[in-house]
Amino acid sequence: MGKLTARAIAERALEIGDAEGLDALTIRRLATDLGVTPMALYWHYKNKEQLLIGMADHLIAGFAPKPADDRPWQEQLRDLTEGLIRTLRSHPCAKDVLEQIDPVAVPHFLVVWDQALRLARTAGFGVEECCLITKYLLQSAIAIADAPGRLPADADAAQAARGKRLALQSLPVEQYPHLVEMAGPMAGGMDPALYDTFGVDLVLGGIEALAARR
């Protein structure tokens, strides 16, 4: 094979994480897949923690937020949020990767974070408020991308969803009328498009409503 690069290592690590989960990802396993010795990987990543940071950086690098322009901050913040969600959703292991690293150590994430802070500042929020907005925005993007409300993707998940739906539907309707009524969507039987658009609208609508009070 050609020269081993940090990018190639991160790409293969994401493939393993997506297919088998991060527990299956080890330096030795990765080296075997790439046809090299573990020492060849240590040249780029000294341990799994650094590998996870490299994976996060490569993942976020796939999302290039547009540079600042003259559009309203609301439009720019929506572009940033939706772009981040699309990027995170492209890798099933993205949520687990981000939960195990310090975002400050991820260069490409810092670019996205700084831009979100700039847009919050433009909206008229104070320094502490900007920090909170970007924190909740990232957490919301991860939650939406992880999509717990979307239709199950495999047979096991579908069976679990059916079990949850039946459990909710079997509740005493006089005591829990709304849980029984909404058992389907609560168990994951929700329109994916509505899940995404409503989630983004809910988060950004709250930010815009607060900004309007300024």
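1. A search of the whole structure, which is a predicted model, finds 11 salt bridges, a salt bridge being a side-chain nitrogen of Lys or Arg within 4 Å of a carboxyl oxygen of Asp or Glu. Local features here need pLDDT of at least 70, side-chain atom pairs count only at pLDDT 80 or more, and totals for chains, interfaces and linings use all residues. Residues are numbered from 1 along each chain as its sequence is written, and side-chain values use heavy atoms, with hydrogens and water left out.

2. With Glu82 it forms a salt bridge whose closest N and O atoms are 3.5 Å apart; Arg78 and Glu82 both lie in helix H5, four residues apart, or about one turn of the helix. (Helices are DSSP runs of H or I with at least four residues, strands are runs of E with at least two, and both are numbered from the N terminus.) Arg78 also forms a salt bridge with Asp201, where the closest N and O atoms are 2.9 Å apart. This second pair links distant parts of the chain, with Arg78 in helix H5 and Asp201 in helix H12, 123 residues apart.

3. Elsewhere, salt bridges that share partners join Arg12, Glu15, Glu20, Arg29 and Asp33 into one network.

4. The largest nonpolar core has 54 residues, of which Leu30, Leu51, Met55 and Leu88 touch the most other members. Such a core is a set of buried Ala, Val, Leu, Ile, Met, Phe, Trp, Tyr and Cys residues joined through side-chain atoms within 4.5 Å. Several helices each supply at least two residues of this core, among them H1 (6–20), H4 (48–61), H5 (73–89) and H12 (192–212), while the largest share, eight residues, comes from H8. Leaving aside residues up to four places away in sequence, Leu51 touches Ile9, Ala13, Leu25, Ile27, Leu30 and Tyr45, where contact means heavy atoms within 4.5 Å.

5. The aromatic pairs come to a count of one; rings of Phe, Tyr and Trp (its six-membered ring) pair if their centres lie within 6.5 Å, and planes under 30 degrees apart count as stacked, over 60 as edge-to-face and the rest as tilted. The rings of Phe109 and Trp113 have centres 5.7 Å apart and planes at 45°, so the pair is tilted. Both residues lie in helix H7, four residues apart, about one turn of the helix. Phe109 is buried, because its relative accessible area is 8%, whereas Trp113, at 33%, counts as partly exposed.

Conventions: Buried < 20%, exposed > 50% of the residue type's maximum accessible area, 1.4 Å probe, protein only.
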